[in-house]
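Open the model in your viewer and keep the selection panel at hand. The stops below go from one chain to the other and back.

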Amino acid sequence: MALVEARDYSFRYLRGKEPALKNITLDIEPGTVVGLVGKAGAGKTTFLKALMGILPHIEPGYTEGDLVVAGMAIRDHDPSEMSRLVSIVLETPEVQIFSLTVKDDIAFGPANLGLPREEIWARVNYAIEEADLRGFEDRNPNNMSGGEQQSLAVAGALAMRPQLLAMDEPVSMLDPLGKERVMGIMERVSKSGATTVVSESGADIEAIAEKVDRVVALHEGRILFDGGPDALADPRMEEIGVGRPQVSEIFDRLRQADVGVQSLPTTLDAAEEGIRRLLGDRKIQALSVPPEYRDGRGQRTFGDIVVEVTDLRHVYTPNIQALRGLSFQIRSGEVIGVIGQNGSGKSTMARHLVGLLKPTGKTSKITVLGSDVTRLKMRDIIRKINYVFQNADDQIFANTIREEVAFAPEMMELPKDEADALVKEALETFHLDGHEQDYTLSLPEDLKTYLSIASIYPLKPQILIIDEPTTGLDSHGERTMMDSLCRLRDAGHTLVIITHNMKTVAQYCDRAIVMNKGQILMDGAVREIYSQPQRLLEADLRPPQVTRLGQDLRDLGFPDDVLTVDEMARLLLHNLQPGR
Amino acid sequence: MARWLEYESRETYLHRKIHPLAKMAIMLSILIVSGFWWDPRYLLALALPLVVLIYVSKIPLTWFRVVLLAMVTAAYPVTLAALGQTDPGIYKVLDPQWATTPILVYDFPIAGRLGITPGGMLWMAAVEIRTMLMASYMFVFIYTTSMAQVTDTLLALKVPNPIVFVIAIVYRLIPDLSRVVENILSAQRLRGWKLAHWNPIKMIRRAVPLMNPLMRRVAIMVEQITLATQVRGFGAGRPTPTQEIRLKAIDYVIIAVGVLLLTFAMVGMFAWKLGQI
């Protein structure tokens with residue numbers, strides 16, 4: 001008997017014009033790992049919430065059809081009842097972590113079920129083992145990395161001993177090793193017999209592809225297709241804005257070129273095997289990506305030094321050193337990706353560059369466009385360099401988009417004509433023209449991110465630091481966002497992008513700064529950084545799938561520094577079609 | 001490192017050896033007593049154990065910047081109120097004539113006599129010291145007592161679930177709020193915002209970019225925490241305290257000291273006007 005049975009299930013939020021889920025019919029068998037894919041707004045989170053009974057009991061709305069989990073009809077059981085059968089892990093770990101020590105947090109759920117004390121602690125121990133949190137029992141979750149926090153959130157869910165584990169984009173905020181850690185837990189849990197439904201909107205499709213044994217694609221609230229893991233390579237994944245694993249895209253190019261590719265792999269291992277089969281014993285003629293196959297980044301030239309940081313140190317308390325002597329320069333026109341796991345000092349460094357924090361080191365020095373930031377007034381700093389926070393909700397306050405964008409010019413007391421012109425330019429640059437009078441409260445995630453950048457733009461800072469610009473966006477949204485940022489670059493701005501997304505850095509950045517434990521571990525061209533996987537591992541990072549594919553095929557002469565699907569596809573075609 | 005108003009798991013005597021119930025009892029006693037006493041000398045005596053507790057608990061001293069800020073912020077309204085302490089009838093221990101000796105006093109048409117008097121200055125000092133005591137003792141309690149210990153204790157004391165739930169939410173929310181406020185202030189400063197303005201009406205208007213996102217974030221956080229608790233079984237039944245309440249000798253001694261202090265202060269206040277001015 002299926003664990004989940006949905007029959008013509010539809011749901012419309014109380015204030016929604018259209019149903020968020022439309023006629024969903026599917027069965028989920030016990031012990032399977034189901035990947036629920038779709039772009040932002042496709043209905044994934046709604047479906048996961050429905051499985052838990054959050055809909056309609058906490059978030060009310062109109063339901064049609066039936067949704068039954070383990071024999072319990074959702075409409076008759078609220079989340080506290082369903083919590084004995086279903087656990088949900090949300091996208092943001094800190095939201096679901098409730099207590100201030102790891103063991104207390106894991107115990108929170110079982111204690112709520114009124115279980116005997118011995119049973120509670122037995123479950124805590126089980127969850128600590130499963131989630132690989134031994135040794136963390138007394139740690140404050142706030143001092144743990146993103147991957148560890150999400151492991152804790154999963155442990156909290158596992159301690160409920162659920163038959164069904166629902167995970168809503170559980171790895172989107174994590175560094176690569178954090179993603180692997182959480183995916184590893186998911187795999188162990190499914191092997192122990194629990195059923196898992198994990199949602200994904202595209203950025204981490206490669207991580208999902210390695211673990212799922214069934215794929216359900218949602219589009220505009222409906223099931224578009226439903227199949228095995230190979231369904232992730234379906235071209236319709238591009239059409240619905242989710243995108244495919246990089247290895248699937250490479251093989252699709254090969255298939256189109258008619259070089260004997262029959263099926264599209266979705267995992268790294270399958271792709272490696274496929275390439276070895278295609279090449280036979282042949283080695284390819286390239287130890288690095290030949291210049292003709294590289295994108296244009298290598299040829300870009302940069303201007304003068306606009307930021308110079310020397311021995312930047314920051315100590316919060318005598319025993320917590322957030323920054324340990326950073327030194328680097330930024331040249332005009334560069335696009336720099338700052339990567340590193342949570343707590344590595346990325347945001348602390350950014351706060352220093354814009355004068356929100358003062359260095360505690362006596363020899364620390366930060367010069368921006370020739371001026372010592374520590375001696376400048378904030379009003380002078382923000383017109384030279386500015387910083388867009390990750391969470392747009394920390395910033396947006398006005399009723400309408402126009403008011404929000406007009407705020408900075410108003411604060412700077414710019415003349416009305418100049419302010420109006422700047423606001424208009426900002427709205428156009430970030431695709432917000434036509435939305436001027438939209439209410440900020442009801443904006444979707446991508447527009448919120450655009451708005452937060454657009455509201456800084458009228459200050460015309462030459463250097464812009466943007467924290468996680470693509471988090472929460474699907475593949476399509478991510479591309480549009482990064483294209484907008486590239487236009488800023490082309491207009492002469494220097495960009496510093498703080499991100500967890502290794503693909504974004506590979507595709508759009510000229511240079512990467514890798515931070516680890518308050519220090520710069522690596523600093524250089526992205527190609528050079530990604531070609532050193534062992535050093536990246538020290539910061540819990542891994543290059544993107546396409547780079548790893550090249551590195552895994554090193555024995556066949558593949559270069560270590562492939563950055564994009566385009567490069568790999570061209571390289572392969574060159575070797576598979578030597579005459580063409 | 002713990003954020004402001006956040007428990008931190010540490011190996012101190014206060015963290016590990018003293019039961020939350022004992023801590024609650026002694027701190028409640030001190031807070032109640034400090035509320036009754038008006039003599040700054042008595043109130044300062046209550047600060048002595050505080051110094052010891054701060055040292056033993058290893059609480060970050062940076063937390064107390066906020067206490068200073070609270071005292072400075074409170075100074076303005078407290079001073080205004082102190083100016084009104086010119087009625088000889090309110091002084092029970094001090095010589096009323098001395099206490100109301102005008103240092104700088106003026107008779108206003110409607111408000112009556114307002115101004116600086118020795119009694120008013122003592123009154124002001126008492127309020128400031130009390131503010132410091134209440135905040136600091138609360139900080140020590142929060143820093144050394146985890147949410148699970150607090151909820152377990154309350155559950156064991158048969159406090160109703162909804163009340164325990166609200167306390168737990170507050171305990172969880174306040175440290176997060178301090179981070180949110182800091183982020184909002186930073187984000188707005190980066191757009192040229194500043195709160196200060198000579199015109200009070202403009203200053204109130206300028207608070208909107210702080211208050212709007214803050215209220216929105218609080219609403220979102222409350223919603224998220226409510227959801228997070230419900231999906232983890234809150235409301236499914238009476239929760240089990242994860243730790244058994246087991247008081248040791250030292251806990252009984254501390255509770256007894258708290259009760260004695262409270263009794264002594266109450267009796268002393270009514271019988272001998274102890275701690276009054």
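How many Å separate the centres of domain 1 of chain B and domain 2 of chain B? Taken over C-alpha atoms, the distance is 26 Å. This is a predicted model, in which local features need pLDDT of at least 70 and side-chain atom pairs count only at pLDDT 80 or more, while totals for chains, interfaces and linings use all residues. Residues are numbered from 1 along each chain as its sequence is written, and chains are lettered from A and ligands numbered from 1 in the order in which they are written.

**Chain B, two domains.** Select 1-145 + 247-277 for domain 1 of chain B and 147-245 for domain 2; the bounds come from an automatic or database domain assignment. Where they touch, domain 1 of chain B supplies 10 residues and domain 2 of chain B nine (two residues are in contact if their C-beta atoms, placed from the backbone, lie within 7 Å). On the domain 1 side, seven of these residues are nonpolar, one is polar and two are charged. Here Ala, Val, Leu, Ile, Met, Phe, Trp, Tyr, Cys and Pro count as nonpolar, Asp, Glu, Lys and Arg as charged, and the others, Gly among them, as polar.

**Chain A as a whole.** Next select chain A, which has 23 helices and 20 strands (DSSP runs numbered from the N terminus: helices are H or I with at least four residues, strands E with at least two). Its C-alpha atoms fill a box of roughly 70 × 60 × 50 Å along the principal axes. Of the 580 residues in chain A, 54% are buried, meaning that 20 or more other C-beta atoms lie within 10 Å of the residue's own, with C-beta atoms placed from the backbone.

**Where the chains meet.** Show both chains: 53 residues of chain A are in contact with 46 residues of chain B. Elements of chain A that each supply at least two residues to this side include α6 (117-130), β11 (305-317) and α15 (401-411). α5(A) gives the most, with six residues. By class, the chain A side has 31 nonpolar, 15 polar and seven charged residues.

**From α5(A) to α7(A).** Show the side chains of A:V102, A:D105, A:I106, A:F108 and A:G109 in α5(A), which meet A:L152, A:A155 and A:G156 in α7(A). Five residues of this contact are nonpolar, two polar and one charged.

Definitions and conventions
Buried ≥ 20, exposed ≤ 12 C-beta atoms within 10 Å, placed from the backbone.
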